[in-house]
Amino acid sequence: MKRIFIGFIICFFFLNCEKKKEETAVKNKDYIISYEDRKLQNYIDSLKKSNSKTVVFLRKGFYCQNQILIDKKGNLFFYQIEYIPRICRTTIETDTIPYLLKLEPIDLIKLPPSNVNDFLSLNILSKEKNKQRLIIASQNDTIKNTSILNFANKLEAYKIRRTTQEEDTVLKYKKRNEYYNYEDIKWNEDRITLPFIKPKLQKNEL
């Protein structure tokens, strides 16, 4: 019984520490991804319970034209993908697991901290309105870079999330300056949607 009580106290202590850490970060205007995601989900749940006529469309897509990656040390990396107009009920908009982008280490551009806003302004704000969109993806749950958050508020739309398995993998190879081929990676298919590869036929099957 004594051990159970001690275990309970330890669990309570850690939970309390996490809560205080969260509250401190909120006061310091840090962005806590898990906290903000829960807050949004609670808002949506409250609308459902109140039978509100307000419809909330929660976008499920993971990517847009522009992505900023924040690694564990706070370094910033930028990459772009081809712009795909938003179409209702497309796979990209509704998937809850990111699809393989076939991202390469060479696609990631490391940004110097002193010129981040100038770089983003030239590459995003200078474009037409419907292309002024940004994904901010962090390896840490807490984002302390307030200048990035302030820049995002100038855009037509932005989304903040954790980095995907592919982004983490490509980032690792980028930093190590090692040869990378997505086909050599043992992907966790619970966390990524891989493209269909037609199986090769054996000679006796031809």
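I began with S5 and found six bridges joining S5 to strand S7 (residues 157–162), the two running parallel. I noted the terms: strands (E, at least two residues) and helices (H or I, at least four) are DSSP runs, numbered from the N terminus. Two strands pair if DSSP finds at least two bridges between them.

This is a predicted model, where local features need pLDDT of at least 70, side-chain atom pairs count only at pLDDT 80 or more, and totals for chains, interfaces and linings use all residues. Residues are numbered from 1 along each chain as its sequence is written, and side-chain values use heavy atoms, with hydrogens and water left out.

I looked up a partner of Ser138 and found Arg162 in S7. Next I took strand S2 (residues 66–70), which four bridges join to S5, again in parallel. There, Leu69 has Ala137 of S5 as its bridge partner.

Then I checked burial (buried is under 20% relative accessible area, exposed over 50%, partly exposed in between; 1.4 Å probe, protein chains only). S5 spans residues 133–138, and six of its six residues are buried. Arg133, Ile135 and Ala137 point one way. Leu134, Ile136 and Ser138 point the other way.

Last, I read pLDDT, the predictor's confidence in each residue, from 0 to 100. The protein averages 79, and 70% of the residues score at least 70. Over residues 87–94 pLDDT is below 50.

Terms used. Contact = heavy atoms within 4.5 Å.
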